Amino acid sequence: MTNRRLEAAVSAPAMALPVVERLRETVMAETNDIAQGRSVPFETYSLRKNQGLFELNRLMPALGPRPISGPLGAALADLVEKLEINRRALGVQLKASIAVAEIVARAIRDGQSDGTYDARAWRTAKE
């Protein structure tokens with residue numbers, strides 16, 4: 001291995017660690033905003049996460065095929081844990097948004113009709 005490749009292999013974990021830490025902080029901030037019921041700037045968080053993943057992907061070839069250990073390995077393991085918590089929080093948020101959208105859509109549909117042509121009136125009368 002040449003000196004340049006050796007330097008890149010040694011410095012890649014040191015360069016990746018701050019990227020992983022920024023990703024972890026972003027994911028935790030988004031999860032906390034959701035948990036606190038605050039207004040969540042999803043676009044901003046998405047851009048930050050995408051940027052972090054882009055940077056991490058660019059560093060992957062320099063990290064090589066060997067298993068990642070040490071501080072970077074611990075940081076990545078923590079990031080995976082935080083991402084799973086974030087995924088669950090986003091899932092709950094999405095389900096709630098879908099439920100609200102369905103309620104609003106139903107209210108709009110019901111409000112647009114005076115019931116004249118609604119089949120429910122005929123079913124109720126027959127039962």
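The legends below describe close-up views of one predicted model. Residues are numbered from 1 along each chain as its sequence is written, and side-chain values use heavy atoms, with hydrogens and water left out. In this predicted model, local features need pLDDT of at least 70 and side-chain atom pairs count only at pLDDT 80 or more, while totals for chains, interfaces and linings use all residues.

**View 1. The chain has four helices and zero strands.** Along the sequence the pattern reads α-α-α-α. Helices (H or I, at least four residues) and strands (E, at least two) are DSSP runs, numbered from the N terminus. Of the 127 residues in the chain, 21% are buried; buried means under 20% relative accessible area, exposed over 50%, and partly exposed in between (1.4 Å probe, protein chains only). The chain exposes about 9,600 Å², and carbon and sulfur atoms supply 60% of this area. Accessible areas come from the Shrake-Rupley method with a 1.4 Å probe, and for residues only the protein chains shown count as cover. Among contacts between residues at least 6 apart in sequence, 71% join residues at least 24 apart, where contact means heavy atoms within 4.5 Å.

**View 2. The largest nonpolar core has eleven residues in all.** Its members are Ala 12, Ala 16, Val 19, Val 20, Leu 23, Leu 56, Leu 59, Leu 63, Leu 72, Ala 75 and Leu 79. Two or more of these residues come from each of α1 (3-36), α2 (42-63) and α3. Helix α1 gives the most, with five residues. A nonpolar core is a set of buried Ala, Val, Leu, Ile, Met, Phe, Trp, Tyr and Cys residues joined through side-chain atoms within 4.5 Å. Leaving aside neighbours within four places in sequence, Leu 79 is in contact with Val 20, Leu 23 and Arg 24.

**View 3. Asp 78 and Arg 24 form a salt bridge.** Their closest N and O atoms are 3.2 Å apart. The pair links distant parts of the chain, with Asp 78 in helix α3 and Arg 24 in helix α1, 54 residues apart. Asp 78 is partly exposed, at 22% relative accessible area, whereas Arg 24 is buried, at 18%. A salt bridge is a side-chain nitrogen of Lys or Arg within 4 Å of a carboxyl oxygen of Asp or Glu. Side chains of opposite charge can pair when their charged atoms come close. The whole structure holds eight salt bridges.

**View 4. Asp 33 meets Arg 38 in a salt bridge.** The N to O distance is 2.9 Å. Asp 33 counts as buried, at 11% relative accessibility, and Arg 38 as partly exposed, at 45%.

**View 5. Arg 88 and Glu 84 pair within helix α3.** The closest N and O atoms of this salt bridge are 3.4 Å apart. The two residues lie four residues apart, about one turn of the helix. Arg 88 is partly exposed, with a relative accessible area of 47%, and Glu 84 is also partly exposed, at 30%. Elsewhere, salt bridges that share partners join Glu 21, Arg 24, Asp 78 and Lys 82 into one network.

**View 6. Val 100, Val 104 and Ile 108 form a nonpolar patch on the surface.** Together they have about 250 Å² of accessible area. Val 100 lies in helix α3 (residues 70-112). Patches are made of residues with over 30% relative accessible area and no salt bridge; like charges are joined within 9 Å, and nonpolar side chains (Val, Leu, Ile, Met, Phe, Trp, Tyr) within 5 Å.
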